[in-house]
Amino acid sequence: MASFLGIAAATWGVVMAVAPLLQVRRMVIRRSSDDLSLGYFAVLLPGFALWMGYGWAGADWPLVVPNALALAVGIATVIVGRLLRSHNRPPQQDGGDSRRREGA
């Protein structure tokens, strides 16, 4: 029973790890990352790295594989989100200083 639960948990961990690809797909289709919470990933990514390291230290591959995959997919999601945000910024009209007074 324990080995079945281990296999099921590791398999579901992989499914959970690739789930952010649905968000990446949505961002690419909409060409916007406005719906992406970078703070959410700032909490998740170190957690994935810690669990991956913990599993690595104990040679617990069902723990390492899903967390390594989740870390990679999470990093890719953040990269795509940041690229879309930098690409969609409107150009500044007045050289960046909106506090300039006319005639000054």
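Q: How many aromatic pairs does the structure hold?
A: In this predicted model, the structure holds three aromatic pairs. To read such a pair, one takes the angle between the ring planes, and planes over 60 degrees apart count as edge-to-face. The rings of Trp51 and Tyr54 have planes at 90 degrees and centres 5.7 Å apart, so this pair is edge-to-face.

Q: Where do Trp51 and Tyr54 lie in helix α3, and how far apart are they in residues?
A: Trp51 and Tyr54 are three residues apart in helix α3, which means that about one helical turn separates them. Trp51 counts as partly exposed, at 49% relative accessibility, while Tyr54 is exposed, with a relative accessible area of 57%.

Q: Which geometry, stacked or edge-to-face, describes the rings of Trp56 and Trp61?
A: The planes of Trp56 and Trp61 stand at 80 degrees and the ring centres are 5.3 Å apart, so this pair is edge-to-face. Trp56 is exposed, having a relative accessible area of 57%, and Trp61 counts as partly exposed, at 45% relative accessibility.

Q: Which residues make up the largest nonpolar core?
A: In soluble globular proteins, nonpolar side chains tend to be buried together. Here the largest nonpolar core has 11 residues, among them Ala17, Val24, Met27, Phe41, Phe48, Leu71 and Leu84. At least two residues of this core come from each of α2 (20-30), α3 (38-57) and α4 (61-87), and α4 gives the most, with four residues.

Q: Leaving aside neighbours within four places in sequence, what is Leu84 in contact with?
A: With those neighbours set aside, Leu84 is in contact with Met27, Val28, Arg31, Ser32 and Ser33; of these, Met27 belongs, like Leu84 itself, to the largest nonpolar core.

Terms used
Residues are numbered from 1 along each chain as its sequence is written. This is a predicted model: local features need pLDDT of at least 70, side-chain atom pairs count only at pLDDT 80 or more; totals for chains, interfaces and linings use all residues. Side-chain values use heavy atoms; hydrogens and water are left out. A nonpolar core is a set of buried Ala, Val, Leu, Ile, Met, Phe, Trp, Tyr and Cys residues joined through side-chain atoms within 4.5 Å. Buried means under 20% relative accessible area, exposed over 50%, partly exposed in between (1.4 Å probe, protein chains only). Contact means heavy atoms within 4.5 Å. Rings of Phe, Tyr and Trp (its six-membered ring) pair if their centres lie within 6.5 Å; planes under 30 degrees apart count as stacked, over 60 as edge-to-face and the rest as tilted.
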